[in-house]
Amino acid sequence: EVIEDLTDWPEQGHRFKVLEPMVDVRILAPMEYAGSIMELTKRKRGIKIRTKPVDEHIWLFTAAMPWADVVTDFHDDLKSTTAGYASFDVSEADPPQQEADLVKVELLLNSEVVDPLAFVCHRDAAQSQARVVCQKLQEVLPRQQFVTVIQAKADGRFIASARIRAYRKDVLTKAGKTVGGGDISRKKKLLQKQKKGKK
């Protein structure tokens with residue numbers, strides 16, 4: 001069964017096997033970047049990594065990689081790693097799919113699951129990717145009159161979280177006018193009262 005909508009992902013407790021698309025990657029780059037390219041390829045879950053000199057300066061790197069890791073920043077990471085000197089292409093791997101330990105990560109806002117924010121990733125990377133998403137949501141979601149709690153959940157447990165603070169009520173302004181005028185002691189009393197109320 002091909003899952004196109006993550007709401008159809010099997011519930012926790014169901015036994016199932018996940019196959020993910022694989023591609024063969026061919027990279028041409030100066031040999032001085034060999035170590036960095038090998039490290040990047042391994043980080044992107046590349047397997048069957050091989051190298052072959054093309055000439056005295058250029059090497060060919062080949063590997064089988066999950067398609068999901070290729071389309072997620074691989075081009076940018078490769079250009080950054082090689083100062084823009086590398087090029088690559090992909091083709092369907094043989095076999096075109098491989099069993100993988102993938103997990104669905106759900107995002108919740110104030111304990112409510114937000115289905116469109118869910119994503120699938122390798123289990124080993126779930127926590128780090130969930131933290132990145134939580135932090136990004138913390139940056140882009142607008143503040144409300146209440147605290148917004150962002151949580152990421154996988155395998156029935158929470159693996160990352162972030163909070164967006166509520167707006168602080170402006171106790172120094174009432175009906176568009178400044179309370180206490182220029183009296184600094186009056187303003188301090190109002191702010192202290194607000195602080196005590198939050199406790």
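**Entry 1**

I began with Asp115, which is partly exposed because its relative accessible area is 44%. The model I am reading is a predicted one. I located Asp115 in the loop between strand E6 (112-113) and strand E7 (119-122). I then looked up its charged surroundings: Glu1, Glu4, Asp5, Asp8 and Asp115 gather in a patch of negative charge on the surface.

**Entry 2: Salt bridges**

How many salt bridges does the structure hold? I recorded eight.

I looked up Asp77 and Lys44, whose side chains meet in a salt bridge at 3.7 Å, N to O. This pair links distant parts of the chain, with Asp77 in helix H3 (residues 74-81) and Lys44 in the loop between helix H1 (34-43) and strand E2 (47-53), 33 residues apart. I noted Asp77 as partly exposed at a relative accessible area of 24%, whereas Lys44 counts as buried at 11% relative accessibility.

I next took Asp101 and Arg123, whose side chains form a salt bridge of 2.8 Å, N to O. Asp101 lies in the loop between E4 and strand E5 (102-109) and Arg123 in the loop between E7 and helix H4 (126-140), so the pair ties together parts that are 22 residues apart in sequence. Both partners are partly exposed: I have Asp101 at 37% relative accessibility and Arg123 at 33%.

The side chains of Lys104 and Glu106 also meet in a salt bridge, at 3.8 Å, N to O. Glu106 is partly exposed, with a relative accessible area of 23%; Lys104 is buried, with 15%.

**Entry 3: Nonpolar patch**

Which residues form a nonpolar patch on the surface? I found Trp67, Val71 and Val90, with about 250 Å² of accessible area together. Trp67 lies in helix H2 (residues 67-71) and counts as partly exposed at 38% relative accessibility.

**Entry 4: Asp89 and Val25**

I placed Asp89 in strand E4 (residues 87-99). Asp89 is partly exposed, with a relative accessible area of 39%. From C-alpha to C-alpha, I noted Asp89 and Val25 as 6.0 Å apart in space and 64 residues apart in sequence.

**Entry 5: Cysteines**

Are Cys121 and Cys134 buried or exposed? Cys121 counts as buried at 6% relative accessibility, and Cys134 is buried with a relative accessible area of 1%. With a cut-off of 2.5 Å between cysteine sulfur atoms, I counted zero disulfides.

Key
Residues numbered from 1 in each chain as written. Predicted model: local features only at pLDDT ≥ 70, side-chain atom pairs only at ≥ 80, totals over all residues. Heavy atoms only, no water. Patch = residues over 30% accessible without salt bridge, like charges linked within 9 Å, V, L, I, M, F, W, Y side chains within 5 Å. Areas by Shrake-Rupley, 256 points an atom, 1.4 Å probe, with all protein chains shown as cover. Salt bridge = Lys/Arg side-chain N within 4 Å of Asp/Glu carboxyl O. Lys, Arg positive; Asp, Glu negative; His and termini not counted. Charge placed at Lys NZ, Arg CZ, Asp CG, Glu CD. Helix = DSSP H or I, 4+ residues; strand = E, 2+ residues; numbered from the N terminus. Buried < 20%, exposed > 50% of the residue type's maximum accessible area, 1.4 Å probe, protein only.
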